[in-house]
Amino acid sequence: MKDPIFDHIKHNRQDLDNAEPSDLLWQRIESDLHPKNKRHPLIWWMTAAAGALILLFFNVGNFEEQKPEELSQNQHIENLDQEPNFDQYPNSREVRKKYLRQQMIDAILGHHTSDYNFSHDMNPGFVRGRGVMRGASWKDLGYYLEQETGPGLMAGDMNGSTRWRAVTSEENLNRINYNYSNAPTIELSATTTSVPFMNISPGTYNVSIEGQQFTMGRVERTDDGKIDIYRPFRGNTFKTKVLNNQTYTWDFGDGINLNGGRSVYIEVDPFQHVGDYYSNESYNDIVENEFKKTLDEHLSTFSIDVDGASYSNVRRYINNHQLPPKNAVRIEEFINYFDYELEAPDKDAEHPFNFSHEIHDCPWNKSHQLLQITMKGQEIPKDDLPPSNLVFLLDVSGSMSDYNKLPLLKKGMKLLVNQLRAQDKVSIVVYAGSAGVVLEPTSGDRKNEIIEALDRLQSGGSTAGGEGINLAYKLAEEHFKKGGNNRIILATDGDFNVGISDQDELIKLIEEKRKTGVFLSVMGYGMGNLQDGTIEQIANKGNGNYSYIDNVMEAKKVMVNEFGGTMFTIAKDVKLQLEFNPAKVESYRLIGYENRLLKNEDFANDTIDAGELGAGHSIVALYELVPAKATSNAIVKSKYQKVELVDSEEWMTIKFRYKTPTGTKSKLIEYPVTYEKRSYSRNFLLSSSLAEFGLLLRDSEHKGKASFESAINHAHRAKGNDSRGYRAEFIRLLEMSEILMEEYEKRK
Amino acid sequence: MESHVTDLHKDLIDRCKHNDVSAQKAIYQLYAKAMYNLCLRMMGNQMDAEDCMQEAFVRAFRQINTFKAQSTFGAWLKRIIVNQCINQLKQNKRLNWHDLPAEPGSTDSMEEEDTSGISSDTINLAIQKLPPGSRAVFTLKMLEGYDHLEIAQILNISVSTSKSQFSRAKDLLRAALTKPVQS
């Protein structure tokens, strides 16, 4: 039988295998095959000693031995994968929100009951989850949770279920796959006791959140007699507050031996810290651009910015269930974090980048228009890239020892090393107590030597400076590759006391070295003492990029996927200038780029520094426009001034200036823009929803009618094929932020 | 051709027999992507697929001495992966040979079908939405080249069940993939 669909599938068989296994999968296999210091986690030992109940749901050994970054990585990927699975549940926004909120609470507890759904073999009206419950007297109760469900509900979704019961095993300590058909069943019921919370004595307690789930918490009594309570979250402990000032008791019924059959839980607030940083102003203040009247100022000039650090930094806050500090939100970096569907110019094109524009109704203000300008840099195949001379300047001070700093840095650098060619050179300089060269310039095909040097790196000592940066520049200059990519890559968590203590002097040095052709990029790691604004400034002065690395995916994105973009410059000092026509545009506002604004006269001044465009990189800028209403060609500006308008259909002229990587004289591109109604592109939907996201997080005075609902809607429509999952992740962040914002409002 | 491929990796396989971690990693990297996609299709979600990959590769490396080059290494490894997936599905009670949606949807006018616009992602998503049983049969038959007799043995079902599951899967897929694209 002729069947075109299956012929099509057969012919495209190879293309179907488009999923990439996680980078961490091999590590899991390797650690199974070649275990290192196998240990029995305390919890396992205690369970066994109590002779009590089995942990049914997990191979505890594996779980405990997972490194923290692997855990967060798994969560990360799982988040990306959530989308298709959601189809089986009702799609309404409210249900989706409820589901996600539940997941965020589950994440606090570490055990995702809902991840282990499976259908019930004997009782089809139930779905089941697996979990571990803390019993009284430190006994762990492994259980299968059964829940009678209505349509669209799943385990973990408490609302609407008619009843819960836990099916447990009393024995079988070593059996992971327990046949539960003969297990005793106990009914769970939550009752509020009359025990006032304040009478509770310090110690370790079970903590419940919204009466649902449990984990270990700690109660301490402060010196002044008050009670503090802590709950864990992803390896950290957070001080939190008690809700309702009372404890809950869960009765386990008679079917199980749990020392009295009941245990006490303290109800805590899962979102107490949502606003901790929200109004914290330790980031460089961003004063948002205002609307400018075209008649007053018809020119608008700025430098491009290819950084995406603000986006990954903000992602870290949101994944920790906290709203980011408003000034950590740089909208142009949100927008430029993403790849857009743009065509790169040919090899022999006149200019090294393509450009285009779109004008549509502004999503958050229907009476305004939104102008999107896009640029796309020439793509250079990896093999044709000029040789690289990379000097890594690594902070190995004691504060870098956290799992999300030096270990993550090493992982990312190993990924990069795999990409290097024989003509590339890498050297490594470290600074901490003292600065030193740990890897002399080494050719990119001697990967083992580079990796061994990386493996030897250890953190320790204070950041007492030393000759770090001078040493790095010395190496870079000694092995300078003409026409190549000569760059110092500084990796730090903020203590970049690299030998020159005076900030201005440091910037002067970086600017000076930039002229010799050695550029400087910065990668930020970790949280806490990250000095975001200063780091960004240093990277800007060094003709470099600033990236914030919060997980392995981001390390891969920056070090591998963007190796061409972040590392190899195809045009430098790229400036934009827009000249608006007051007859068409009454006023305008540049969204973001606040610290990239240039004076109008600096546009044509080639001594003024501006941003670099890397190979394959895309740049997007947005202007919110207020269309002109006037029909007359003459506008009275003041008592003594009358402005005669030129008869033109043009809304504006867009001008670009750039230099070739080695050039000193800039080239000018200039083109006029008229308005025509066109359909929305996915690029526009994406950039405008990112801007809307930023306006909401900043609580901007220009946010108009911006809403998470509209941003989510647009982001969904912008999703496209999204092979790397960044857009799905963005939707996820929008959805989480909406919940966080609501929780924040409730607690204000 | 296939045996030639085996020879190419013979050295690696021999080193694996001595528990050489770098050879194990090299073998893993050679096969990881194809096997992962197979797992993903069989299991329907990433987490279970990764678990199966882990279990199966660990098992394969531990039992690599039993590989006697009667088949290609890839076929041997694939069989371990498939068995692991099937066991996992059975354990999770997700294999059900009766519970199929009753209405497979319209199947006429497919000769006119323009298939060129169907992307891999769309096809994968449609496969993912099949019930686990027919998804397993479809994957093994259409995409991995097993025949119904082998599938019946692997899944411990009858040949006719395998055939009927396969045609159910095709009906469901056809219905899913000929739906007008929503704009």
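Predicted model: local features only at pLDDT ≥ 70, side-chain atom pairs only at ≥ 80, totals over all residues.
Chain A, for its part, contains an open sheet of five strands.

**Helix packing in chain B**
- The crossing of α3(B) and α5(B) is right-handed.
- On the α3(B) side, the contact is made by Y31(B), M35(B), L38(B), C39(B), M42(B) and M43(B).
- From α5(B), the residues in the contact are G74(B), L77(B), K78(B), I81(B), C85(B) and Q88(B).
- Nine nonpolar, two polar and one charged residues make up this contact of α3(B) with α5(B).

**Overall make-up of chain B**
- Chain B has nine helices and zero strands.
- Of its 183 residues, 34% count as buried.
- Among contacts in chain B between residues at least 6 apart in sequence, 70% join residues at least 24 apart.

**The open sheet of chain A**
- The strand order is β13-β24-β26-β16-β15 (chain A), and the pairing is antiparallel.
- Strands β13 (292-293) and β15 (353-362) of chain A stand at the edges; each has a single partner strand, so one side of each is left without a neighbour in the sheet.
- Strand β13(A) is joined by two bridges to β24(A), residues 585-591, and these strands run antiparallel.
- K293(A) has S587(A) as its bridge partner in β24(A).

Key:
Residues numbered from 1 in each chain as written. Chains lettered and ligands numbered in written order. Pairing = 2+ DSSP bridges. Helix = DSSP H or I, 4+ residues; strand = E, 2+ residues; numbered from the N terminus. Buried ≥ 20, exposed ≤ 12 C-beta atoms within 10 Å, placed from the backbone. Contact = placed C-beta atoms within 7 Å. Left-handed = near helix turned anticlockwise from the far one by under 90°. Nonpolar A, V, L, I, M, F, W, Y, C, P; charged D, E, K, R; others polar.
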